[in-house]
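Student: I have a model open on my screen. Can we go through what its structural terms mean?

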Amino acid sequence: METKKLLVLFFVLSSYMQLASPLIFESLVIGGGAAAAYYMRCKMYECCDDDTIPRSTYLLLHNMKAKLYGQQIAKDLVFSAIHSHVFHSNPRKPLVLSFHGLPGSGKNYVVSMIANALYKKGEKSSHYHFFNGRSDFPNDHKVALYRFELDQKIKNALSACPRSMFVFDEVDKMPVGVLDTLVPFLDYTSWNNKEKSKAIFIFLSNTGSDQIVNRMLHLWINGKSRNDVTIRDFESLIELGAFNEKGGLYKSGTIESKLIDHHVPFLPMEEEHVRQCIIDAFKHWGTDNPSDDLIKEVLKHVTYGPPPHNLYSTSGCKKLDHKVSFVLFGREFDD
């Protein structure tokens with residue numbers, strides 16, 4: 001009898017799913033029906049629980065090992081930082097990561113992997129918040145407005161779900177000073193520590209790229225293998241470069257206050273890594289085993305630098321899908 005009542009309850013709640021708010025759901029039932037209301041609420045509105053946020057960090061590790069090329073430092077550092085943070089019952093502060101490197105080196109790719117591993121809905125989760133420095137903060141004269149709006153958005157997001165993730169892409173294109181509004185959310189004591197400490201903040205930028213490339217060249221010239229380089233070879237250089245280059249992190253309180261937990265270097269891509277990306281791009285277009293001639297044809301469209309050694313792709317694996325499609329379909333038109 002009780003089962004039939006619950007079925008009827010589910011039917012009634014489903015009828016109002018497009019109209020009712022989450023609070024109305026919970027007011028419709030009492031006692032044993034509260035669980036049913038919560039279930040229905042989470043079906044329509046994304047909850048902030050283990051089902052919605054499964055924290056599949058080993059999926060993240062698997063995907064980085066299988067699909068991220070030439071970035072061993074980033075793989076190890078990102079996995080250890082994310083895994084230890086999301087499974088800590090009471091972290092002292094939010095996790096703050098700063099990704100640096102040339103375009104196409106995998107920064108956005110890794111962010112996508114993190115979101116898809118942590119949230120059931122991945123990048124479509126309401127707890128995943130993405131900001132682009134160029135399009136979301138285009139005007140240098142509106143810094144005060146941007147800071148106020150960003151402050152409100154973050155407070156609302158953290159109040160709704162402490163396990164929220166905030167990503168700021170193209171930080172180097174942001175007006176100087178906007179990111180300073182984040183300082184109270186990133187430190188150990190300001191604002192509501194209980195609500196903010198489980199959050200994740202990630203900054204993406206090209207700042208520090210020249211320092212990374214120059215250090216890689218220096219290590220290569222001195223005979224050090226790429227596989228032997230460590231975070232110690234780069235971290236202080238990136239921090240200094242990000243601090244001194246114009247853009248969102250320029251003279252930022254996030255750096256001055258040492259609030260960034262890890263500066264993650266994404267190394268410049270060599271030809272062997274570009275080849276792996278090209279093979280993946282061919283698979284995307286339905287060609288599982290591209291010939292060496294096809295791969296070489298795509299490689300003709302890849303530019304390397306800096307001179308005179310020209311070891312690294314200037315755009316990494318960026319836009320390879322378009323170059324592969326041009327080679328594939330261009331050949332069809334030529335035929």
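Tutor: Start with the largest nonpolar core, which has 32 residues. Val 78, Ile 82, Phe 99, Ile 114, Met 165 and Ile 202 touch the most other members. The elements giving two or more residues include α5 (72-86), β1 (95-101) and β4 (200-205). The model is predicted: local features need pLDDT of at least 70, side-chain atom pairs count only at pLDDT 80 or more, and totals for chains, interfaces and linings use all residues. Residues are numbered from 1 along each chain as its sequence is written, and side-chain values use heavy atoms, without hydrogens and water.

Student: Why is this called a nonpolar core?

Tutor: The term means a set of buried Ala, Val, Leu, Ile, Met, Phe, Trp, Tyr and Cys residues joined through side-chain atoms within 4.5 Å. Buried is under 20% relative accessible area, with a 1.4 Å probe and protein chains only. Ile 82 is one of the members.

Student: What does Ile 82 touch, leaving out residues up to four places away in sequence?

Tutor: Its contacts (heavy atoms within 4.5 Å) are Thr 57, Leu 60, Leu 95, Leu 97, Ile 114, Leu 118 and Ile 200.

Student: How do you know that β1 and β4 pair?

Tutor: Pairing takes at least two DSSP bridges between two strands (E runs of at least two residues). β1 and β4 have six, so they pair, and they run parallel. Leu 97 has Ile 202 in β4 as its bridge partner.

Student: What makes β2 (128-132) and β5 edge strands?

Tutor: The open sheet runs β2-β3-β4-β1-β5. β2 and β5 each have a single partner strand, so one side of each lacks a neighbour in the sheet.

Note on methods. Buried means under 20% relative accessible area, exposed over 50%, partly exposed in between (1.4 Å probe, protein chains only). Helices (H or I, at least four residues) and strands (E, at least two) are DSSP runs, numbered from the N terminus.
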